[in-house]
Amino acid sequence: MAITTQHYLILSAILFTIGVIGVLIKRNPIVIFMCIELMLNAVNLSFVALGRHYGQINGQMYVIFALAVAAAEVSVGLGIIVAIFRSRETIDINEVNLMKF
Amino acid sequence: MMNTEHSLSAILPMQIVMITGMLVLLLDSCIPAWRNAKILSPGLSLIGVGIAFLSSLHILNNPPVGKLFGGAITADPFSQACSIILLITAALAILIAMTYLENMDLNHGEYYCLVLFSTSGAMIMASALDLIVLFIAVEILSVALYVLAGFARTKVRSEEAALKYFLLGAFAAGFLLYGIALIYGGSGFIGLNPTTNLAVIGKSLSMISQPPAMMIMGLGLLLVGLGFKAGLVPFHMWTPDVYEGAPTSVTAYMAAAAKIGAFAAILRVLNAFIPISGYWLIVIEVIAVLTMFGGNILALTQDNVKRMLAYSSIAHAGYLLVAVAAACNSGSKQSILQQATAHSSAFGAAAFYLLSYSLTTIGAFGVLIWLSKRGRDIQTLNDLKGLARTDPAAAYTMLIFMLSLGGIPPTMGFMGKWFIFNATMQSGQTWLALLLGVASIISIYYYLHVVWVMCFQEPEEGTHSVRAESANGVQTSIYVAVGSTLLFGILPNLVQPLMDAASSLLRP
Amino acid sequence: MSGESVSFWILALVSVFASIMMIVSKNPVRSALNLVITFLCVAGFYILLSAQFLAAVQIIVYAGAIMVLFLFVIMLLNLGAPEALIEKGSLQKPVAVGLGIFFVVLIISSQAILSLPQAVGRPSVTQYQGTVEAIGLSLFDPRQPWLFPFEITSILLLVAVIGAIVMAKRKV
């Protein structure tokens, strides 16, 4: 069976969904953040697959920007996590009351 | 022939804001004397915002022609109208921050540079024509706001607010990006070279009958992402905690700027998708109703003023979404001409409401800052007890902001609701207009409750003379906000040029 | 089965398995290492999709820089211990999984029912080879919309640098 663009799109949807589920069920902020990175990667895979399907380099351009955005988010996000750790002086980051609605 | 120079002159306002941000950062970090003189950074920021305001007015009157940067961005009157509202917001936010940062010992130049960068991000959101530009602009705005929310680094609540805002914001960014990917894929179905340019997509959607499923899916995910930023109801859970935890001056700025940027983007995106509005209009209407009632009902029980204002900002997002629904209604019952009138009056109403919401929200948070003692935030209703006796000036300005938020004449908030109500009636969504009225009546209860606490309750012991020292900045900001709330409430025609500019965004 | 399909299926199975392991494992370090495996698989997909430059960038930036930063913070804050056993409300997990499955079905159905069309004017194969040259030419082409996002990305990175310093420096 030949591999078509649909294969890539479905795989990307599956990876994205695993990322979403991870964000919803995990407690540790760093792991939640890793799941968000997984979501962004899944989207990037979609972009590249669609770009190849349409014979455009454009699909890959989106990925370059998404990568830059991910890098920016990581630096700020990990900075925030380090700052929380400093001000609370506890190693139990689970105490951060994230989900008080 | 469009060259890069032409494109660069058309985006002058946002360039000025960015360059001012860099200058503030540079001077603040390199010259110790600059850092010690607390007035210089905000002063320079205000000058930059002022120049950007003037150049934005200039572009509003002489809109550039042709594609800018290969169609990545536009400088049409709608974008300039939103930029002007944003710049006013930024100026007021810088003024109230001067006092607040001094009182809380947070006076660092980075604050102003982050405010300026996030303003430029919101301005790009209002001007973005290509979805990838929209995505990066959302990120510029959000990343700066994550840091600002955690700016009070010694306070655990501020840090938690930053973390919560960051995780949910990044989560929403994932949905936003997936939406863009699916729209990119879907645009290949409708007979054009695959693109994410909103103008191109809007034009080709109006020529087909059956939109591709992938594109509708993508639009849905895009709206989830933008809905997070705007704080619409199923995606609002971050709002109260973040608004409460963040430093008050940041809350004021965030409540106004993030909402203006998000709604400018929502209006532009949905405007391009009007030809297929049969597929999504009902979703927008339902979310609008949920947001209005959810925000108002949750606000009823709050005794923390910041939290109450957070829920009330959710309700205001709902009113704005009613205007969006009115703009995008293309039901079959009406003639093309009627639809076009409703479309343009809804856009004008949305612009007016954004301005009135920003002025009053920043003003209301400003009063809280005005009352804050050194090192201590005013947060609960108890702190406001009997304010009319201990500090009449603050009490009466707060009274006007509460009346405006509740939509009571003769304030700007009333005129804003009236315009949205009218536009909704024009577009034939009578039920939506009536629900808007009911929701506003519910909201009057908790706004008047604040007034009642201020005017008719005995002040608690030891709450006399609680004014912040060196309150010039916040005072100016409050008086400007009160003045324009009353002036534009009585003479709304003064804002007419802005409304005309916003309503010039054409249906595809 | 051609070489492409064999590599696709292997990479697909490994990436899905590793990402599931990432959200199942209780230890943040294990999660991070599983995420690295997923990133490497995605780089493999990029090569299969003839996006060589992106594959290299994926390994350097994601698997290299970003994951190193993650591991560094985990070690710095000493979070390597297993997660505390407190879980979110008992209802939340099944609801999340159910929603997730619903979501994936929705996306797959919207994509798979309609077969993708081909591009209007299909360019030659060499044009979408993801070489540095092709990407660079496209990035700075004035007829393409990429120049402006490229420029404002620099503002985003500047904001991120300032933000990271403001948040993480020890005293102001």
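C:S50 sits in the loop between α2 (28-48) and α3 (52-76) of chain C. Its phi is positive, about 55°, although C:S50 is not a glycine. With 17 other C-beta atoms within 10 Å, C:S50 is partly exposed; a residue is buried if 20 or more other C-beta atoms lie within 10 Å of its own, exposed if 12 or fewer, and partly exposed in between, with C-beta atoms placed from the backbone.

Before going on, a word on the model. It is predicted, so local features need pLDDT of at least 70 and side-chain atom pairs count only at pLDDT 80 or more, while totals for chains, interfaces and linings use all residues. Residues are numbered from 1 along each chain as its sequence is written, and chains are lettered from A and ligands numbered from 1 in the order in which they are written.

**Loops and a neighbouring helix**

Chain B has a positive phi to show you as well: that of B:D105, a residue other than glycine, is near 55°. B:D105 lies in the loop between α5 (77-104) and α6 (109-127) of chain B. It counts as exposed because it has 12 C-beta neighbours inside 10 Å.

Back in chain C, helix α1 (residues 3-24) holds C:I20; helices here are DSSP runs (H or I, at least four residues), numbered from the N terminus. C:I20 is partly exposed, with 17 other C-beta atoms within 10 Å. Its C-alpha atom is separated by 9.6 Å from that of C:L35, 15 residues apart along the chain.

Among the buried residues of α19(B) are B:L432, B:L436, B:Y446 and B:M454. Their cover includes α13 (281-300), α14 (305-328) and α18 (412-426) of chain B.

The largest nonpolar core has 306 residues, and those touching the most other members include B:V324, B:A350 and C:L156. Such a core is a set of buried Ala, Val, Leu, Ile, Met, Phe, Trp, Tyr and Cys residues joined through C-beta atoms within 7 Å. Leaving aside neighbours within four places in sequence, B:V324 is in contact (C-beta atoms, placed from the backbone, within 7 Å) with B:I266, B:L267, B:L270, B:I284 and B:A350.

**Where the chains meet**

Between chains A and C, 65 residues of chain A are in contact with 68 residues of chain C. On the chain A side, α3(A) gives the most, with 20 residues. The contact of chains C and B takes 27 residues from chain C and 38 residues from chain B. Here α6(C) gives the most to the chain C side, with 13 residues.

The table sorts two of these sides by class: Ala, Val, Leu, Ile, Met, Phe, Trp, Tyr, Cys and Pro count as nonpolar, Asp, Glu, Lys and Arg as charged, and the others, Gly among them, as polar.

| Side | Nonpolar | Polar | Charged |
|---|---|---|---|
| Chain C touching chain B | 21 residues | 5 residues | 1 residue |

Methods:
Two residues are in contact if their C-beta atoms, placed from the backbone, lie within 7 Å. Helices (H or I, at least four residues) and strands (E, at least two) are DSSP runs, numbered from the N terminus.
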